[in-house]
Amino acid sequence: MIDPIQPLSTMTADDLSPEEQLRYARQMVLPEVGAEGQRKLRRASVLVIGAGGLGAPALLYLAAAGVGRLGIIDPDRVELSNLQRQVLYDATDCGGVKVEQARQHLLALNPNLRIDVYPEAFTLANAAGLIAAYDLVIEGSDRFATKYLVNDACVLAGNKPCIGASIRSFAGMLAVYAAPGGPCYRCLFPEMPDPATVPSCAQAGVLGTVPGLFGVLQAHEALKLILGVGEPLVGALLTVDLLTMRLQKLRLPRDPHCVICGDTPAIVALAETGWACAAQVADATDEASAEDAAISADGLPWLSVAASRRRPSLRWLDIRTRAEFDAGHVPGAEHAPLDQLDRFAERAASTTGEFLLYCQGGARTVRAYALLGQRLPGRLWLLRGGYDAWLRDRLATTAPNDGR
Ligand SMILES: [Zn+2]
């Protein structure tokens, strides 16, 4: 099956090197791959949007399989709380720029690849150019605004296939959107949900194996599309419930009335209107970027963890869920979940003193302030960065002295 090793001088650019033949031997032996398939993989390019729970495993498998050019776009840095599911990174990466750390790990795995990194958000400004530069797109963001922007950019790029996955707790779905003849993301979900009504992974919780599985499935669909084998999930939607292990493959035809891929589309160009707003709302509910959102949320009485230490009379109020509170909270903090703030306001109205509100990352305290600010004027402070920031502060202030 494997060609005898040829002297380098007689090899053409399209030949697989001895190293490639050895590295990819296990997949090249498949009749669906072979040397020609391996050359297709080497010539292919895939853009991975989001190097997180979905993107990290997807990237590992794409790189291992020898997809010649990978693009990675993600604005974040690696955080300790990422490592539970983003298996591309290790503890020494914490604080580093995610796409740079990803590139280093992927090149260590497979130095033959070209890996382009973009340490920025996927936005209206870069969407069309990025999508045009790659053969396929893997959408691994956790923001609805990004999902819609990616979808629209893929459709408007002349049907660039986008392998999308969404997960929630123990369940998820997978489909190839915007492929020629197939449906797009808007065929399934015409309108973007109000991001405030959908909990992020940070709020809802997730076991790392769930995005792990779906990220691997996204990479798998990409390999199938590149190789031209099997039945890619074009016109079909896979749903998996990993608590019950129920799998379903549903038919998902293109909607002829779809606003962007339908027969008479209303959206004919990527437009600023709607996206800027939507992206801001989505960002404000995204725990990972909550600290940035807090800084830009003008006029709110934010306190940093350091500043809170200078105000010992503040009463700390944890507005997260019971499960989050039970899993760990600031010692001495009272618990008043966001959906029961009315009752808290009644109690607090007959007392004096000031409160310091916190949630996990800071975003939910903005909503709490909207509910309470008028009723307890001048008595509320918000903890910038939330409980995550408090934990990070404790880690920073206690770790060097441990045991000494
Ligand atoms: Zn559509």
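**Exercise 1. Determine which geometry the site of the zinc ion has in this predicted model, and which residues supply its donors.**

Begin with the angles: among the four donor atoms they run from 91 to 123 degrees, and the site is therefore tetrahedral, a label given to four donors if all angles lie between 85 and 135 degrees. Next, identify the ligands, which are the SG atoms of Cys184, Cys187, Cys258 and Cys261, at 2.3 Å; donors are N, O and S atoms within 2.8 Å of the metal (3.2 Å for Na, K and Ca), and since water is not among the atoms, sites may look incomplete. Along the sequence, these donor residues follow the spacing C-x2-C-x70-C-x2-C. Helices (H or I, at least four residues) and strands (E, at least two) are DSSP runs, numbered from the N terminus.

Residues are numbered from 1 along each chain as its sequence is written, and side-chain values use heavy atoms, with hydrogens and water left out. Because the model is predicted, local features need pLDDT of at least 70 and side-chain atom pairs count only at pLDDT 80 or more, whereas totals for chains, interfaces and linings use all residues.

**Exercise 2. Decide whether Cys184, Cys261 and Asp152 are buried or exposed.**

The relative accessible area of Cys184 is 1%, which makes Cys184 buried, and Cys261, at 12%, also counts as buried. The cut-offs are under 20% relative accessible area for buried and over 50% for exposed, with partly exposed in between (1.4 Å probe, protein chains only). Asp152, in helix H7 (residues 144-156), is buried at 1%, and its side chain makes a polar contact of 2.8 Å with that of Arg186. Such a contact is a pair of N or O atoms within 3.5 Å; within protein, one must be able to donate a hydrogen and the other to accept it, and residues adjacent in sequence count only if both atoms are side-chain atoms.

**Exercise 3. Work out which residues of helix H15 are buried and what covers them.**

In H15 (residues 341-349), the buried residues are Leu341, Phe344, Ala345 and Ala348. Seen down the helix axis, they fall within an arc of 100 degrees, so they line one face of H15; the arc is that of the directions from the axis to the C-beta atoms. On the other side, Asp342, Arg343 and Glu346 are exposed. The cover over the buried residues includes strand S10 (315-318), strand S12 (355-358) and helix H16 (363-372), where contact means heavy atoms within 4.5 Å.

Technical notes. Four donors count as tetrahedral if all angles lie between 85 and 135 degrees; four count as square planar and six as octahedral if opposite donors are over 155 degrees apart and all others between 65 and 115; anything else is irregular.
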